[in-house]
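Hi,

Here's the structure I promised to pass on.

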Amino acid sequence: MDDAKRPCVVLGVTGSIAAFRAADLASAMVQKGWEVHAVLTADGERFLPALTLAALTHRAVHTSLWEEGKGGRMGHLDLARLADVVLVAPASADCLAKSAHGLAGDVLGAVLLATESPVVMVPAMNTQMWKHAATQANVKLLSQRGVIWVGPSEGRLACGAEGPGRMAPVLEIVAQIEKTLRQKKGKK
Ligand SMILES: Cc1cc2nc3c(=O)[nH]c(=O)nc-3n(C[C@H](O)[C@H](O)[C@H](O)COP(=O)(O)O)c2cc1C
């Protein structure tokens with residue numbers, strides 16, 4: 001399929017224990033025929049090697065603001081423009097806080113600040129972290145700015161606790177991206 005006609009999803013992966021599930025997610029989106037550009041935070045890379053995402057998306061993974069853009073261009077701004085949707089899955093508590101306050105100290109933060117496209121966040125964290133007033137205030141602020149949420153789901157978490165905080169299932173995330181892409185196309 002011609003890249004120019006394919007929907008483009010920028011997939012941000014952050015430092016959550018659920019990051020390994022982003023591999024399945026990336027693969028499912030590539031199988032849909034979408035162009036998937038992965039961005040890994042430094043702590044995301046502790047959980048999921050860039051190589052895995054690169055192999056699944058058939059492209060280099062963006063891990064640093066300081067990587068050289070094509071022909072001297074600024075890579076993060078190109079990604080922000082290219083994205084039909086910016087998807088952050090899993091989105092850590094830290095990522096929600098940084099995004100709510102407009103921090104742009106890494107590629108993902110800069111893309112989130114520079115994009116004019118819809119942003120879909122898939123939180124994944126410990127239940128207490130999710131329920132914390134600080135996180136909920138960040139969620140509220142981001143919702144007011146139009147962020148779309150998938151999950152978190154409830155159930156047993158990696159830390160052994162039960163409750164909300166699990167990363168939503170891949171199928172649910174892909175369904176939301178399809179919906180967001182349809183809505184965006186309808187608006188053009
Ligand atoms: C083993 C381990 C598991 C973690 N799992 C999560 C998680 O599921 N969700 C979360 O919000 N933070 C989690 N953290 C904390 C984040 O990695 C930490 O806040 C980090 O700074 C996030 O950075 P990032 O948002 O730039 O990727 C975990 C930390 C460790 C050491």
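In the largest nonpolar core, which has 33 residues, the ones touching the most other members are Leu-11, Leu-25, Met-29, Leu-87, Ile-173 and Ile-177. (A nonpolar core here is a set of buried Ala, Val, Leu, Ile, Met, Phe, Trp, Tyr and Cys residues joined through side-chain atoms within 4.5 Å; buried means under 20% relative accessible area with a 1.4 Å probe, protein chains only.) Two or more residues each come from strand 1 (8–13), helix 1 (21–31), strand 2 (35–40), helix 3 (50–57), strand 3, strand 4 and helix 9 (170–187). Helices (H or I, at least four residues) and strands (E, at least two) are DSSP runs, numbered from the N terminus. Helix 1 gives the largest share, six residues. Apart from this core there's another, of 23 residues, including Val-119 and Trp-130.

Keep in mind that this is a predicted model: local features need pLDDT of at least 70, side-chain atom pairs count only at pLDDT 80 or more, and totals for chains, interfaces and linings use all residues. Residues are numbered from 1 along each chain as its sequence is written, and side-chain values use heavy atoms, with hydrogens and water left out.

Now strand 4 (residues 119–123): five of its five residues are buried, so it is largely enclosed by the rest of the structure. Val-119, Met-121 and Pro-123 cover one side, Val-120 and Val-122 the other. Strand 4 pairs in the parallel sense with strand 3 (residues 85–91) over four bridges and with strand 5 (residues 148–149) over two; pairing takes at least two DSSP bridges. Met-121 stands opposite Val-88 and also opposite Trp-149.

Cheers

Definitions and conventions. Buried means under 20% relative accessible area, exposed over 50%, partly exposed in between (1.4 Å probe, protein chains only).
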